Amino acid sequence: MGKSVPLPKDLKEFSSVKYWDEFFTVRDGKAFEWYGEWKDIGKLFLEQCGATSTEKILVPGCGNSTLSADMYDAGFTDITNIDFSRVVISEMLRLHVRSRPRMRWLVMDMTQMQFPDTSFDVVVDKGGLDAILGEPEDESTAGVGLLSEVKRILRPNGRLVVITLAQQHVIELLLQTFREGWHLSVHVIQLSGSSPSSLQPFMVIAKKETRAKLPLVSLDLSWQGASNKYQVEDVVQAVDKENILRSQGLCEPKAPRSPDVNPKDSYENLHPGRRLATNLGNHRSKFTYSAVIMDAKEDIIPEYRCAVFLVPKGRAHEWLFSSVEGQWQVAESTKAGRLILVSLDPNQYVDNILDVKDDLSPLVKCLFPLDCRESNTVPYMTQGDGISSRNIRDEVISPLTGAMLVEDVFLSEEKSSSKPAEECFRRLVFRRNPNLIQSEALLTRVEISTKTENKGKNLGGTGRKHASKKKSKFAKDTVSSNRHVGDLMVDHSYLASPYHGGMVAALVLIANSLEEWLASKQKIRCLVVGLGAGLLPMFVHNHLPFDDIKIVELDPVVGDVAKKHFGFIEDERMKLVIGDGIDFVQNIADSAPSSSPHLGVDPSPEGVRHNTATIHDVDDQTYNERATSSASELSLSELKLSDGGLRRLSGDVGKDSRLHILIIDADSEDPSSGLSCPPEEFIEDKFLIAARDALSEGGVLIINVVSRATAHHVTYVAKLKKYFVEVYDIEVNEDVNRVLIALPQPRNRGKSSDVADDLAKLEKIVTQFAPWQNGPNLKEFVKTLKRLK
């Protein structure tokens, strides 16, 4: 018999990730419905909510309910689902990603959402508020957090739909929260057939309006077949009481207040490692704020006794500013003994820091250490982007990615010394993650006439240039013959994103293999998952001797933008494939011949070894000795292979589509956990096994990982070590951005392992193919290359 569904010890467990992970694991995919199904809810939802098929809908605390799928099938396809249980989100993503491709599933705490302000038209909560509120006597912190976030992310005229049992403490919180600026209505849900429960569900709809007066709450009791008359009576009493208060003007919203200082825990002195949160504002202040007070940890030597940091507009939801770990990173970077991290109400924020300093100063002064309160030396800080001016060239909307912005920016004088003198860059930004630059390209002036021919340039159809052939100028980037002198164009020889340079430098680990493939005239196959603006693929196309370059991109609109604004091309050597990168890699792995040379690696997701050797038991010498032997002379036990069958270690791989280079350069739709790249599906065992099996002998997997949370880097490295023989990394942006490199066989397969020699080989290969121009300094990147034990 299977395990029974766990029951909570108390209602507080409903707010525990651990409880729900266990709950959904035991349910094993069987849907659990709260308060009725779509057939019970749908008619009332359509009549009262007025949602249209084009509106953006959020379902917080989605669980494994069929509600979202039913709504999708009813025509509401722009649905985002969030839940803090990674177990259920993974389950629902696998269940719906193919049949309902526009629906999104994100791991996120609904009380601390990571969406920008005014992101959704409709929020549908089914039982979530009831669960996190717990018992009537419990503190309503989580419930207040959820409703506060809903108010922030809803657009003007947006609607919150709450399906609830409307217990007294729940209905009262809803009535009190949605007063001025909202219209509230309460409806009894008509259940079809005989309900197994004696409890009656209600639908509460809050519409975001701009009315000056406080509207009365509407109550709909048109259905008289409610299963629990006592519930209905309690709701009627609560609504009547609220309407009396509203009609008499006795329920004005509470004015913000200055923080209450606990005498036992005074702000007068520093307490190393202490972190406190509070609200700021009073009837005399122009704005309202939330603040986090952090006293530097003991091992930090501060440069400032105290400092105030203003969170940039629209960024309070980001991991860096909303998570505890991220906030401590900010505190450490400011080198302040006490940092007061202040977020402003998004509707009140002004761009000039001086405009708010006078208003904020008297409010935060009571949070200063005592010896700073009479001083004017406490600095006010914020985070700038270094842009002196910008020109928005285009904004397009994609059903998959959402809004995309193409802009030309001129950077201020403070810039990296490694960048060329030209300060104009073209950027691609996704609105869903507005503070992550998806792609950045250097713009230069075209110094050609309209009659300039493309002869000698590395344009469509240019094949590999071998060392034996006469050297020609391949590295001139794609230039259309109809461009005029002085036009701005993308310089495809310059990689503005440092991690792209790190990805190219990662090829030093397979320099010997590249030499062999070129010498034997093998067709070098490179796959890039994630197009962006096409800048990395264009650099690879123009500067590296790869014959078959494929880029897999899920969103065709991204491809259009790359071609229109960033000079991306397709030709005989490079093709864009619109599709799922995970499926594409899996198909290559599935079609790989049984001679795939992955010594001692078990393809099972659990990583259980069926034989005596593990992937880490194979050293370079053993591998080299075995690789030089005839496969027919080696027994299965001698090779210590998994039960996947005998795999050839050397010789011609025959005609197959396995890859020599696999690059993962995809961004995550859900950066809330701190992982901006890649999507978490690329960390799962199934994909890593497919990636390994899709690689040819001597091949390499290169992945861009962007995360401020160190846990993601640790997890990813551990997963890679599980399925690959050697794992390396290149740090390109402190600890935030790292290039991880994984090899399915020992590096260089027993040959010289001197990195300096391999770097010389790689430099020779690329310069023989085409001039390097503004290409990355490989030597500098290789200096940071290290093998992860």
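This is a predicted model: local features need pLDDT of at least 70, side-chain atom pairs count only at pLDDT 80 or more; totals for chains, interfaces and linings use all residues.
## How H13 and H21 pack

On the H13 side, the residues in contact (heavy atoms within 4.5 Å) are Ala-511, Asn-512, Leu-514, Glu-515 and Leu-518. They meet Asp-758, Lys-761, Leu-762 and Ile-765 of H21. By class, this contact has 5 nonpolar, 1 polar and 3 charged residues.

## Aromatic pairs

Now to the rings: the structure holds 7 aromatic pairs (ring centres within 6.5 Å). Phe-178 and Trp-182 are edge-to-face (planes over 60 degrees apart), with centres 4.8 Å apart and planes at 75°. Phe-178 is buried (under 20% relative accessible area, with a 1.4 Å probe and protein chains only) at 0%, and Trp-182 is buried at 5%.

Phe-682 and Phe-687 also form an edge-to-face pair, 4.8 Å centre to centre with 75° between the planes. Phe-682 is buried at 6%, and Phe-687 is buried at 3%. Elsewhere, ring pairs link Trp-38, Phe-45 and Phe-76 into a cluster.

## Reading the numbers

Residues are numbered from 1 along each chain as its sequence is written, and side-chain values use heavy atoms, leaving out hydrogens and water. Local features need pLDDT of at least 70, side-chain atom pairs count only at pLDDT 80 or more, and totals for chains, interfaces and linings use all residues.

Definitions and conventions:
Helices (H or I, at least four residues) and strands (E, at least two) are DSSP runs, numbered from the N terminus. Ala, Val, Leu, Ile, Met, Phe, Trp, Tyr, Cys and Pro count as nonpolar, Asp, Glu, Lys and Arg as charged, and the others, Gly among them, as polar. Rings of Phe, Tyr and Trp (its six-membered ring) pair if their centres lie within 6.5 Å; planes under 30 degrees apart count as stacked, over 60 as edge-to-face and the rest as tilted. Buried means under 20% relative accessible area, exposed over 50%, partly exposed in between (1.4 Å probe, protein chains only).
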